[in-house]
Amino acid sequence: MRRRPNHLAGLGSLVWLALVGFPLYVLLISTFRTRANYSSQGPLTFPSQLTLQNYLDDFSNGFGQDFLNTLLVTVSVVAIVLLVVPPLAYAIVRARGRTIGTVFRIFLLGLAIPAQAVIVPMFYVISKAGLYDNLLGVILPTAAFCLPVCTLVLTGAMRDITSELYEAMAVDGATPWRVFWQLVLPLSKGGLSSVVVFAALQAWNGFLFPLILTQSESTKVITLGLYNFQTEHGVDVPGLLSAVVLSMLPIFIVYLFARRALVQGLMGVGGK
Amino acid sequence: MFAIVPLVLVGVLSFTSWNGVDAPRFNGLANWTKLLHDPVMTQSVWLTLVLTVAGVVVQTPVSILLGVWAAGHQRNRAVLSAIFFIPLLLSATAISVVWRAILDPNFGVPSQLEWLFGDGNLMGSQSSAVAVLTFVGLWQWTPMHALLYQGGARAIPQVLYQAASIDGAGRVRQFFHITLPQLRNTMITSVILMLVGGLTTFDTVLILTQGGPGTDTTNSAFYMYQQAFKRFDFGAGSAIALVLVVVATLISLAVVRLSGYDKMRSTTEGL
């Protein structure tokens, strides 16, 4: 049966399109204005003259360093998550012991705890460990806060593997290690990519941990750079907005090429 | 472990006075009595609840409509939904920075659309500042919840709709009698996420309003940050954080209980 278009929801979606499209238009067009043009003509009129100067200025203002720091944090967080989560999820799905059940439940508890709630003791622990103002001090908590959701998503994916497949491998005399590498990992590829997407987005867009746990220029990440830019040069709106565009560019490129995988990943994890 | 150990520590620290440099000293209930008599604290709890409820009320209908729409088979759906979900990719920081620039009373959009915005100082009064925070929250979170609903709507068996249209039920009746009830589980998941997210709204407040005007938009998460990391009163900060955790947990549990979610055999997907 062919479904007729849903007009009510269609109308809603057009309104939403305007709500999303308009700010993005203002954002993009403002980055190509000169600062003088922005303050004299305002953000709405189409500028008479376009410039790339704002983007160049961002790089001389240290955007490159922020970018590398953010990249380092993101890659490390994804690496930690990939190292810890698959074996953990495998253990939770396959093991029958009571300990592993308890561990899983504690993990689920971690889902409900917002980062703000534990930021003070986190600051305490990180300073005691001598990691304050060190990127490692940002990487570890960020990864830790990704773990519960990632484990949950991956256990979901691994549960879908039927027990016949495990039995078949067991009959063939495969070690648990081989089962893990040759059966579980390949079959939970979808779950794994969701986990990577989620962890990468969290790390790339993270703000609270860098805000609290770093202070110097050399450890600044992009989000913190935007925040500082705003408080220090609040009047240079085109410069600020071009930095915003630069900050979302890498994710946007990935989004264009891998939209389906990315959206599916976000759908799977849903969490904030 | 990174979540549980600090959670215990936050409880301990809430009974100490600590300036972040020296060792924490126990001071009994001093932080708690101080907060109990602190008008800003009381106000921040109210404001947090108002922002949270407003967020759920505004975001839920929009996300359901968008999600149901995106689950259907319209023309241009792929292109449009690609644009819809762009806010998902932006960090809360970037979103707040952009909206602050757009809504700037002197150089932003309000200066050019005076018929719509009046004097345009949206961050200047409590009611409009709260409205801005709610709106930016809508902008930021709706795509994610719409995705949840899209998944939920796709999982509804088509047979139900076929049966309904044979019985002569129209589009709108189908929506209220099939789609909405079938989305019940998704709705609970989504509302809990909105509640926890709303209670802990921080980045947007810090960047858009800095808690102002005065303390008019100082919600609990922002107040916690101020007390701990600006006034270096980490004991008081911990106490506020503990209140936040307890409230968030209680509300989530209440939603789960009241909706009977825990007793249901999950029919579609939850989280």
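Student: How much accessible surface does chain B have, and what share of it belongs to carbon and sulfur atoms?

Tutor: The accessible surface of chain B comes to about 11800 Å², and 66% of that belongs to carbon and sulfur atoms; such areas come from the Shrake-Rupley method with a 1.4 Å probe, and for residues only the protein chains shown count as cover. Please keep in mind that this is a predicted model, in which local features need pLDDT of at least 70 and side-chain atom pairs count only at pLDDT 80 or more, while totals for chains, interfaces and linings use all residues. Residues are numbered from 1 along each chain as its sequence is written, chains are lettered from A and ligands numbered from 1 in the order in which they are written, and side-chain values use heavy atoms, with hydrogens and water left out.

Student: Can we look at one helix? What is the end-to-end distance of α13 in chain B?

Tutor: The end C-alpha atoms of helix α13 (residues 234-258) of chain B are 36 Å apart, which agrees with the 36 Å that its 25 residues should span at 1.5 Å a residue. The expected span is 1.5 Å times one less than the number of residues.

Student: Which residues of that helix are buried?

Tutor: The buried residues of α13(B) include Phe234(B), Ile240(B), Ala241(B), Leu244(B), Val245(B), Ala248(B) and Ser252(B). As background, an α-helix has 3.6 residues a turn, so residues three or four places apart point the same way.

Student: Switching topic, which residues touch the most others in the largest nonpolar core?

Tutor: That core holds 145 residues, and Val77(A), Val81(A), Val120(A), Phe202(B) and Phe229(B) touch the most other members. The largest share, 13 residues, comes from helix α7 (residues 135-159) of chain A. A nonpolar core is a set of buried Ala, Val, Leu, Ile, Met, Phe, Trp, Tyr and Cys residues joined through side-chain atoms within 4.5 Å.

Student: What does Phe202(B) touch?

Tutor: Leaving out residues up to four places away in sequence, Phe202(B) touches Gln116(A), Phe207(A), Leu208(A) and Leu211(A) in chain A, and Ala221(B), Phe222(B) and Tyr225(B) in chain B. A contact means heavy atoms within 4.5 Å.

Student: How many residues does each chain give to the contact between them?

Tutor: Chain B gives 77 residues and chain A gives 73 residues. The area buried between chain B and chain A is about 7000 Å², of which carbon and sulfur atoms give 78%; buried area is the accessible area (1.4 Å probe) that two parts lose on being put together, summed over both.

Student: How many salt bridges are there between the chains, and how many over all chains?

Tutor: Between chain B and chain A the count is zero, while over all chains it comes to three. A salt bridge is a side-chain nitrogen of Lys or Arg within 4 Å of a carboxyl oxygen of Asp or Glu.

Student: Which residues are linked in a network?

Tutor: Asp66(A), Glu217(A) and Lys220(A) are linked in a network of salt bridges. The closest N and O atoms are 3.8 Å apart for Lys220(A) with Asp66(A), and 3.3 Å apart for Glu217(A) with Lys220(A).

Student: What about the pair Asp233(B) and Lys34(B)?

Tutor: Asp233(B) forms a salt bridge with Lys34(B), the closest N and O atoms being 2.7 Å apart. Asp233(B) lies in the loop between α12 (220-230) and α13 of chain B and Lys34(B) in helix α2 (residues 30-36) of chain B, so the pair ties together parts that are 199 residues apart in sequence. Asp233(B) counts as buried at 18% relative accessibility, and Lys34(B) as partly exposed at 40%.

Key:
Buried < 20%, exposed > 50% of the residue type's maximum accessible area, 1.4 Å probe, protein only. Helix = DSSP H or I, 4+ residues; strand = E, 2+ residues; numbered from the N terminus.
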